[in-house]
Amino acid sequence: MLSRRVIPCLDVKDGRVVKGVRFEGLADAGDPVELARRYDAEGADELCFLDVTASSDRRKTLVRLVAEVARELFIPFTVGGGIRSLDDMRALLEAGADKVSVGTAALRDPALIARAANEFGSQFLVVSLDVGRAPDGSRRLTTHGGRETTDVLAVDFARQMADAGAGEILLNDMERDGTKDGFGVGLLREISTAVDIPIIASGGAGRVEDFVAAVRDGGADAVLAASVFHYGTLRISEVKQAMAAAGIPVRRPLGVSR
Amino acid sequence: MIAIVDYGAGNVESVRRAIAHVGSTAVLTDDPSELARAELLVFPGQGHFAQAVARLHERGLAEVLRAHIDAGKPFVGVCLGLQLLFDRSEEAPGVAGLGIFPGEVRRFAPRDAHGERVKIPQIGWNAVHCARAGTVLDAVPDASSFYFVHSYHVVPDDPGVVAGTAEHGGRFVAAVARDNVFAAQFHPEKSGAAGLALWTAILGPRWWGRPC
């Protein structure tokens, strides 16, 4: 059986790991390669690096980081943040990234995903949806870290991206992001029943039960979290134990104690 | 010499890094004469079946791979590098594969036997069950998890070549082995400790009867 994945996310700025609540109040802490190795040893199934650098040399810094991580890490990792073009993607692929996560650029130019799928294959493409809630209660995409709303329905865009050749959907529930109140199970359910490609749940992880609910009730194929792992509130092994106890298939890595 | 066939089909560099991590050196090349000199050939691949076949033929590599296998030299296929060893694929009707293994490559069915939806592509970790003893999979415990990314899987005519299986909407072939050829649908270079253990075994003296 295909295991449900647990994916720690590392927010990276200027080549260093940081973590902010709702993308604000960032504090520098941690060497990405060290953290990647630690998460791998703890049984992470995959890693995600989200670049939040704003400076003009961000791309160079990120490519260097990816190359360092790729030399040390032998589980898959995804890189996201500000990826706009096929050239951006190619540079990260060549540096050793297994996948890229594309958000705003896919919303601005949905055809980018079809071109990228044709060029690099679907396995390389995660499309990231930052989903807010419109005044009428509908779930619609946002941009700029949730500050600006659009009129694009999340479920429509997820279908469009799956058809265009996205390999996976990274579903960020902006209502939950940073709250530790649990993943948005309703939104997960809505998207995971609408598309056949895997869904990665993101936003709201607080307790081990949240991970179980995202998979069992929301239909998530993978669960992503940053601060609960980064600040040591939860260990990956205890999350996996809880998932296994709930009957969810999880990977038991070779050589990792449990 | 260990050579990795670099024919423009996906992230082959990660294979080189994994081999380096377990202490061997491999060259990435699409030069037929260099590939012909290799002791061990690693044949990775991601992407579309038809494009990969076209790229192999453009570079004159199909014959090189066949000659290597016919000479009894160790050969390791990974992912699309497994699928390309078969006769044909549903991904590219009418396009001939290398035909090293009789059989075809099929897309996962969208529903399983109970009518449950099957996620395609399969992306993630799945437990690989050894189908028989005596293959390089002996190097890892039975049911070790490996990382898969694929929408198609191989269906050999001869079930005797199956080395390992896994479950995704039903049982599918995760690895094949015959004589000097081992090929896996999963990515040992992305499968953490289990994958590195497999590379160590692949590159070690025991499996092929001599060091590579």
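Predicted model: local features only at pLDDT ≥ 70, side-chain atom pairs only at ≥ 80, totals over all residues.
I take a residue as buried when its relative accessible area is under 20%, as exposed when over 50%, and as partly exposed in between, with a 1.4 Å probe and protein chains only. Residues are numbered from 1 along each chain as its sequence is written, chains are lettered from A and ligands numbered from 1 in the order in which they are written, and side-chain values rest on heavy atoms, without hydrogens and water.

**Entry: A:Leu129.** I looked up A:Leu129 and found it in strand β6 of chain A, residues 125-133, where strands are DSSP runs of E with at least two residues, helices are runs of H or I with at least four, and both are numbered from the N terminus. A:Leu129 counts as buried because its relative accessibility is 1%. Leaving out residues up to four places away in sequence, I listed its contacts as A:Leu141, A:Ala154, A:Phe157, A:Ala158, A:Ile169, A:Leu170, A:Leu171 and A:Asn172, a contact being heavy atoms within 4.5 Å. A:Ala158 lies 29 residues away along the chain, with 7.9 Å between the two C-alpha atoms.

**Entry: nonpolar cores.** I use the term for a set of buried Ala, Val, Leu, Ile, Met, Phe, Trp, Tyr and Cys residues joined through side-chain atoms within 4.5 Å. The largest holds 81 residues, and A:Leu47, A:Phe77, A:Met89, A:Phe211 and A:Phe229 have the most contacts inside it. Helix α6 of chain A, residues 154-164, gives the most to this core, with six residues. A second, separate core has 38 residues, among them B:Val12, B:Ala163, B:Phe182 and B:Ala184. Beyond four places in sequence, the residues that A:Phe77 touches include A:Leu47, A:Val66 and, from the other chain letter, B:Lys190.

**Entry: cysteines.** B:Cys79 counts as buried at 5% relative accessibility, whereas B:Cys130 counts as partly exposed at 28%.
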